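Welcome! Take a moment to look over the sequence and the fold, and then let us walk through them together.

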Amino acid sequence: MSEPTLTTSAGAPVADNQNSLTAGERGPVLLQDWQLIEKLAHQNRERIPERVVHAKGWGAYGTLTITGDISKYTRAKALQPGATTPMIARFSTVAGELGAADAERDVRGFALKFYTEEGNWDLVGNNTPVFFVRDPLKFPDFIHTQKRHPKTNLRSPTAMWDFWSLSPESLHQITILFSDRGLPQTVRHMNGYGSHTYSFINAAGERFWVKFHFKTVQGHKHWTNNEAAEVVGRTRESTQEDLFGAIEKGDFPKWKMQVQVMPELDAEKTAYNPFDLTKVWPHADYPPIDVGVLELNRNPENYFAEIEQVAFSPSNIVPGIGFSPDKMLQARIFSYADAHRYRLGTHYEALPVNAPKVPVHHYHKDGAMRFFPNNPNPNAFYEPNSFGGPKQNEAFREPPLKISGDADRYNHRIGNDDYTQPGNLFRLLDDGQKARLMDNLAAAMQGVPAEIQLRQVNHFYKCDPAYGRGVAERLGLSGEGLGVAAE
Ligand code: NDP
Ligand code: HEM
């Protein structure tokens, strides 16, 4: 095979890529050595900001195939019986930086971009069905406790448990995080959840509430803390090796896609707020319905271009899928595209990995790195116009979203039961799982001031007295103020 000639980025052939241009054999380099300057300057610009959360990630392409029939709930074309849609997935840890080890106890991101024939639909979920906070005003505070302490530059268990113990809405997610499922061996061996409540809208314009679930076909596999420490000692890239390796050898991971569907007016009747992200909908009330299969079957060719630059956003929905009043979802609808404009630039959606597989017709103009052409008609750069430019289409109008109430800052810590659902999860674990959960919690709380430990343990008591007692014993806590309110 004859090798191509090396060129500059402007395409000019390069005659010498070993020696800088110098004044004399020993002499200083000349400013004229454009090739050297280009290499150094380009290297200085190889890094972009890492994601402020979920910086470490792994991804692959695949397909969603619909095998069930949910056409009575949604008119989304990608969810109709028999539809197959190309997609990309990116999985991630939340707190660690770009170079963090993979086998760490942390929530895993489970972000999916479906390139549908009606535009991109992104489902930006986690491997857990709930979250640590229910009001977006608390998200930056929560994330600060997961990142490094401003003075020590170390992770701070005191900050984490101080915040969590003052935020009992986090109990459900904490219970999952410190259970076996909080440290998956690989992303192939965990579930994914859309977590929020979304809307489905059918062809008749009726709205239903929906939750999305992706159940691993590979089965659940987890590490204990000790096993994970051994894995990290061996390799910091265990998940990348596993996912990339499995797909490379044709062992394609799959997930069964399911939805839980709630009639619109049921939202007034459930004992819990169905738009509260710290709650699940019990399966007995809203049984999971099989929808289809998600398969990952192609590795990216260029990690940076396709996985680092992939940009997911809960704002990317398609006809037949809508939002819900969930406060957290509302904030995320804003936050992601804003993050992408900062991290990737104005035209991030025109990058190949983010570009929809259907033509886009909009009137956005100019901006840094505008590299794509005009709408076909160059006179149609405003709307309305008389030159046949793209127009709105009433056929895609959503039914109105029913909303009531006075604008106020409602105290979300009043009237929301933070204890029953985490208690239910604790009670469904077997004795071994319970013991490991409580061991993991006690290990994570080592060195945290006793008053914070006590405050947290009393929350566990309220979920289930055995839960509180177990953690208290492991921490050596006893005496006044312990579990009083609960027992
Ligand atoms: P069910 O008995 O019908 O469902 C229990 C669920 O718990 C199953 O989906 C199972 O997932 C999941 N599960 C088992 N172990 C763990 C773990 N260590 N961490 C997280 N999830 C686990 O009961 P309910 O629907 O009434 O839910 C009871 C509790 O189960 C909830 O309070 C919630 O904590 C948890 N759960 C519920 C989900 C839901 O959508 N209803 C979803 C996930 C968890 P799998 O089927 O994959 O084995
Ligand atoms: C990433 C904000 C809650 C899942 C991000 C990013 C931001 C963000 C700014 C980085 C985006 C980027 O630079 O590409 C928020 C805010 C939240 C919130 C403001 C709450 C108010 C959640 C919840 C989930 C979630 C509840 C899951 C249910 C993810 C995932 C990623 C991510 C999976 C990584 C996406 C990827 O792989 O590129 N979040 N987040 N986040 N978030 Fe959130």
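Between which domains does ligand 1 lie? Both domain 2 (57-139 + 185-350) and domain 3 (419-475) give residues to the shell around ligand 1, so ligand 1 lies between them. The domain bounds come from an automatic or database domain assignment.

Before going on, here is how to read the model. This is a predicted model, in which local features need pLDDT of at least 70 and side-chain atom pairs count only at pLDDT 80 or more, while totals for chains, interfaces and linings use all residues. Residues are numbered from 1 along each chain as its sequence is written, and chains are lettered from A and ligands numbered from 1 in the order in which they are written.

**Domains**
- Besides domain 2 and domain 3, the chain has domain 1 (1-46).
- The C-alpha centres of domain 1 and domain 2 are 44 Å apart.

**Around ligand 1**
- There are 17 residues around ligand 1, and Ser179, Val280, Pro282, His283 and Leu425 come nearest; a residue is near a molecule or strand if its C-beta atom, placed from the backbone, lies within 6 Å of it.
- Helix H4 (171-177) and helix H9 (420-428) each supply at least two residues of this shell, and H9 gives the most, with four residues.
- Helices (H or I, at least four residues) and strands (E, at least two) are DSSP runs, numbered from the N terminus.
- Sorted by class, the shell around ligand 1 has eight nonpolar, six polar and three charged residues. Here Ala, Val, Leu, Ile, Met, Phe, Trp, Tyr, Cys and Pro count as nonpolar, Asp, Glu, Lys and Arg as charged, and the others, Gly among them, as polar.

**The annotated active site**
- In an unreviewed UniProt entry, the annotation "active site" covers His54 and Asn126. These two span 73 residues in sequence, yet no two of their C-alpha atoms are more than 10.5 Å apart, so they gather at one spot.
- UniProt positions are given in the numbering used here, feature names are shortened, and annotations may be inferred rather than shown by experiment.
- His54 sits in the loop between helix H1 (34-44) and strand S1 (57-66), whereas Asn126 belongs to strand S4 (residues 119-126).
- His54 counts as buried because it has 22 C-beta neighbours inside 10 Å. A residue is buried if 20 or more other C-beta atoms lie within 10 Å of its own, exposed if 12 or fewer, and partly exposed in between, with C-beta atoms placed from the backbone.
- Asn126 is buried too, with 24 other C-beta atoms within 10 Å.
- Leaving out residues up to four places away in sequence, His54 touches Ser92, Val94 and Gly109. Two residues are in contact if their C-beta atoms, placed from the backbone, lie within 7 Å.
- With that exclusion of residues up to four places away, the contacts of Asn126 include Gly109, Tyr193 and Ser195.

**Around ligand 2**
- Among the 27 residues around ligand 2, those that come nearest are His54, Arg90, Gly109, Pro136 and Ser195.
- Helix H8 (327-343) is one of the elements that supply at least two residues of the shell, and H8 gives the most, with eight residues.
- The shell around ligand 2 divides into 14 nonpolar, nine polar and four charged residues.

**Helix H11 and what covers it**
- Helix H11 (residues 450-463) is mostly covered, as ten of its 14 residues are buried; among them are Ile452, Phe460 and Cys463.
- The cover over the buried residues of H11 includes helix H3 (157-165), H4, H9 and helix H12 (465-475).
- In turn, the buried residues of H3 pack against helix H2 (139-146), H4 and H11.
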